[in-house]
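Open the model in your viewer and keep the selection panel at hand. The stops below go from salt bridges to the chain interface, then through each chain.

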Amino acid sequence: MLRNVTLVFAIGFLAAMVALAVFAPLLPLPDPVKMDVISRMAGPSWAHPFGQDEYGRDIFSRIIHGARASLAVSLTAAALAGAAGVIVGLVGGYFQGWIELATMRPLDVILSFPPMLLALLAVALLGPGALTLTVILSILFIPAYARVTYGEVLVVRNHEYVEAARALGHRPLRILARTILPNVAGPVLVQFSLVVASCIVLESGLSFLGLGVVPPTPSWGLMIRGARAYMHLDPMGIVWPCMALVFTVFSVNRLCDHLRDVFDPKARRVSFSPASAIDEDDGARGREAAAGSATDDMLLDIRNLTTEIAVPRGSIRAVDGVSLKVRRGEAVALVGESGSGKSMTGLAIMKLLPRRISRIARGSIDYVTADRQRHDLATVPLNRFRAYRGKEIGMVFQEPMACLNPVYTIGYQLVEAVTAHARLPKQETWARALKALKQVGIPDPERRLHEYPHQLSGGMRQRVAIAIALCGKPSLLIADEPTTALDVTVQAQILDLLEQIREASRIGLIFITHNLGVVAEIADRVVVMYCGQVVEEGTAEEIFYTPRHPYTRGLLASVPKVEDKTGGNKRLSSIPGAVPSPLALPPGCRFAPRCAHATDLCNAGVPALEPVSDSQAARCVRWRELA
Amino acid sequence: MNYVVRRGATAIATLFAVASLIFLLLHLVPGDPAEILLSSGGIAPSKESVEALRVNLGLDKPLLEQYITYLGNITTGNLGTSFQDGAPIGDEIVKRLPRTLELILAATFISVLVGMPAGVAAALRRGGVIDGLCSSLASFGLSVPVFVTGTLLILLFSQILRLVPAGGYVGFADNPAQHIVYLLLPAVSIAVGLIPVVFRMVRTSILEFLEKEWVRTARAKGLDEPRVLLLHVVRNSLSPVVTVLGLHMGTLLGGTVLVEYVFNWPGLSGMLVQAVEQRDYPAVQGIVLVICLLFVLINLGVDLLYGMLDPRVRYK
Ligand code: SF4
């Protein structure tokens, strides 16, 4: 809202300013240099709407004529610098080798001067004046354009159409003009508006010092300079030119922001309206439910979990009525394509859903502590939930590159995990950190403690992440795609490690993955998710040998049979179609649009999760016929 | 260590290039430099004075010899003598340099002090009232040229409210309290343009870092929220802030020129403006050289600080 208002203001103001400046000589304005000493510093009147300055000259007329000088210098300089800079950038970027060096290197020298100083140096040499100013400004801003152009050229230089033009034997000049220039036009235009603003500021600054535009030519900088001595007598005399200058610069800047949004959609700000934000601890869920005690070795019992996320076009249920059980020492794999809600389920357990825009809308997450007490995590307020994180439940994330903070040593990050839950003497915390590193099989752990994440390989980093997750001795470990970013041999090692840890400490494991192939090695039970729902679950054997849901079969068929380097990511047969948008889900079976067996019956309503055996269930109305 | 050496070497190379450019500039201008320097308003200077200036500046010697003499002089700290009074330029610079440095430091300090918390607050309540207000103020602050800020501050605080003097200087040793009073407005004027820069950078990087997996890891460890924010989000945003401050050093140094003029602050830049007005080329050349040296050194400092803040840079 506000952004649009400012944009309209900016465009309107600039248009008016430019029009007035261009047509100033034709307008019935008083002569901006005609003095009238008798009515010096007179207030506003019909003849002089902004009043008169220290020599009795008309301020309004001087502001308009000042705009003329300012805009003429700035636009000319920005355009000249643009022409020269673009050419330099094009040539430097297109031709490699010494031409690149010869064109781009000298620019660095210009950039190692503060611009104002280079301008002053030149003024000292050449004397002040509008012409000097224009020339200096043009030279000063060549690097700005050249760098932008150069960068863009490097990006497009090896694009196919440029290659094609080259193969066709087109001359470099033609290639540059025809294929590359259109690509750099946007960024250059953005740069142009930036440079215009900088030029206006520099010009007015130099004129203010008396070293830019020389009197009697009116200029905003000169007006401020002149009115300064009298500002105690006539404050408005100085406020008017200041306002003209500030609004002009603001408008150009605002326009520049807008151009940037238009030409660089990546940088565009996506903002949620605050109204769609969700309060995590709204009244209905404020109380913490004491869910009673458990008798068997149940560790986690999720019932009917539903999460809501506010998106710009409404709210989506990334997890929609999911139930899930994990026993102590059991490994459960949560499988599905991206967008199935599997990661969201993991994050919901840890209360790590994106803040302010998402919440647990329904369902319970019962966690059983070692003393057999059930706690509904969904109702534990965030400030108290900290006691569970790390200590009861640990979590490992997908990106080993990003899961460790690059500015701290491995040791520091491990120690943090220890001290989050226990106050221990320093020596002991470090001893524990070292032990945790040893436990995950990192060679030379003493040295690694003092190293930074970027000094470790991806596999090592993932081991460290696991060590961090295990530092608080949790009973449940959630691993969200922990091997996806790693290569196949390292994948196998990490899986072995997880298996080893599970056996050694009877830890419950939720293994989230899109790859059923990985699951076979590690999972006791498998839960397959699609569009926020569980579509099939069963023991690993059941899922692999007697899958009931067509989606599970599709997933199985897409697992590469031989996991070698070349076939690692190649799907043999992938499921046709794409996951539907969570904002437009099919009315019945959510898999129906992609299912080869879909009938009208499938669209009649969301199928129930029907038991297939004691341990297996499938959400498909036709599972019996298809079995 | 390796990193420090590399940055240092780059700094020295830059300085060399800058010094050479300053030297060349005098000779790149079409026409006789001595004549150009003496001519004003289209009046041709007398033959004798041109000849005298030529000898004074050593322009009568071969170019290469001039260049070598020049490089030799500046490395031994000899910046020549002023046209106006024949006083050694170096002495005056040494006297004024600390004042300019003080101004820069104070302005940077204020900018970080205001910009960081504002950026953090805006990012944490993104889209909220504070965010909207601060972001609008920031884009406005970026649009006010530094001399306008200075002039308007004088108008408001010393002419209308009569709270502080309009400008001037007292040595810190003479009267510390008064010294700070004089420092305040100039430093704030520069900071007004710099706060938005810091604010925007902090806001953007906090928003970016909040999404990072290491923040999730930190939360998953069970760290409390203030610690997660401070140690894993705000701490990480320090390096981009240092970078952006480095990038704006040029503008900042240019800003001091105007601000020192506006407030009669007797730093380097005031001397520079006067020298330019008098077209005292040796003085201008000397001051520009020193400010460029400062610029390069500050950038070197920024690089080293950056290396301290981000281990990835140090070990590359
Ligand atoms: S319910 Fe119908 S559409 Fe859905 S999976 Fe079963 S057969 Fe396919």
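A salt bridge here is a side-chain nitrogen of Lys or Arg within 4 Å of a carboxyl oxygen of Asp or Glu. By this rule there are 26 salt bridges over all chains. Before selecting any, note that this is a predicted model: local features need pLDDT of at least 70, side-chain atom pairs count only at pLDDT 80 or more, and totals for chains, interfaces and linings use all residues. Residues are numbered from 1 along each chain as its sequence is written, chains are lettered from A and ligands numbered from 1 in the order in which they are written, and side-chain values use heavy atoms, with hydrogens and water left out.

**Stop 1: a salt bridge in chain A**

Select D320(A) and R590(A). Their side chains form a salt bridge, 2.9 Å from N to O. The pair links distant parts of the chain, 270 residues apart. D320(A) sits in strand β3 (residues 314–327) of chain A. R590(A) is in the loop between α20 (550–557) and β12 (610–611) of chain A. Helices (H or I, at least four residues) and strands (E, at least two) are DSSP runs, numbered from the N terminus.

Now select residues 300–556 of chain A. UniProt lists this range as "domain: ABC transporter" in an unreviewed entry. UniProt positions are given in the numbering used here, feature names are shortened, and annotations may be inferred rather than shown by experiment. The range is 35% helix and 29% strand. Its end C-alpha atoms are 27 Å apart.

**Stop 2: the interface**

Show both chains. How many residues of chain A are in contact with chain B? The count is 70 residues of chain A, against 68 of chain B; contact means heavy atoms within 4.5 Å. The two chains bury about 6300 Å² between them, 70% of it on carbon and sulfur atoms. Buried area is the accessible area (1.4 Å probe) that two parts lose on being put together, summed over both. Pick out L117(A), L121(A) and L125(A). They supply 11% of the area that chain A buries against chain B, more than any other three residues.

Next, select E416(A) and K221(B). Between chain A and chain B the count is 1 salt bridge. E416(A) bridges to K221(B), with the closest N and O atoms 2.6 Å apart.

**Stop 3: helices of chain A**

Select helix α8 (residues 172–208) and helix α9 (residues 220–228) of chain A. Their axes come within 7 Å and cross at roughly 35°. Axes are lines fitted to C-alpha atoms, for helices over the stretch in contact, and angles run from 0 to 180 degrees between N-to-C directions. Show side chains at the contact. S204(A), S207(A) and F208(A) in α8(A) meet residues of α9(A), including L222(A), I224(A) and R225(A).

The unreviewed UniProt entry places "transmembrane region" at residues 71–95, 116–142 and 188–214 of chain A. Residues 71–95 are 96% helix, with end C-alpha atoms 35 Å apart. Residues 188–214 are 78% helix, with ends 31 Å apart.

**Stop 4: chain B**

Select residues 97–306 of chain B, annotated by UniProt (unreviewed entry) as "domain: ABC transmembrane type-1". This span is 83% helix, and its end C-alpha atoms lie 25 Å apart. Finish with two of the spans that UniProt marks "transmembrane region" (unreviewed entry), 180–202 and 241–263 of chain B. Residues 180–202 of chain B are 100% helix, with end C-alpha atoms 28 Å apart. Residues 241–263 of chain B are 91% helix, and their end C-alpha atoms lie 28 Å apart.
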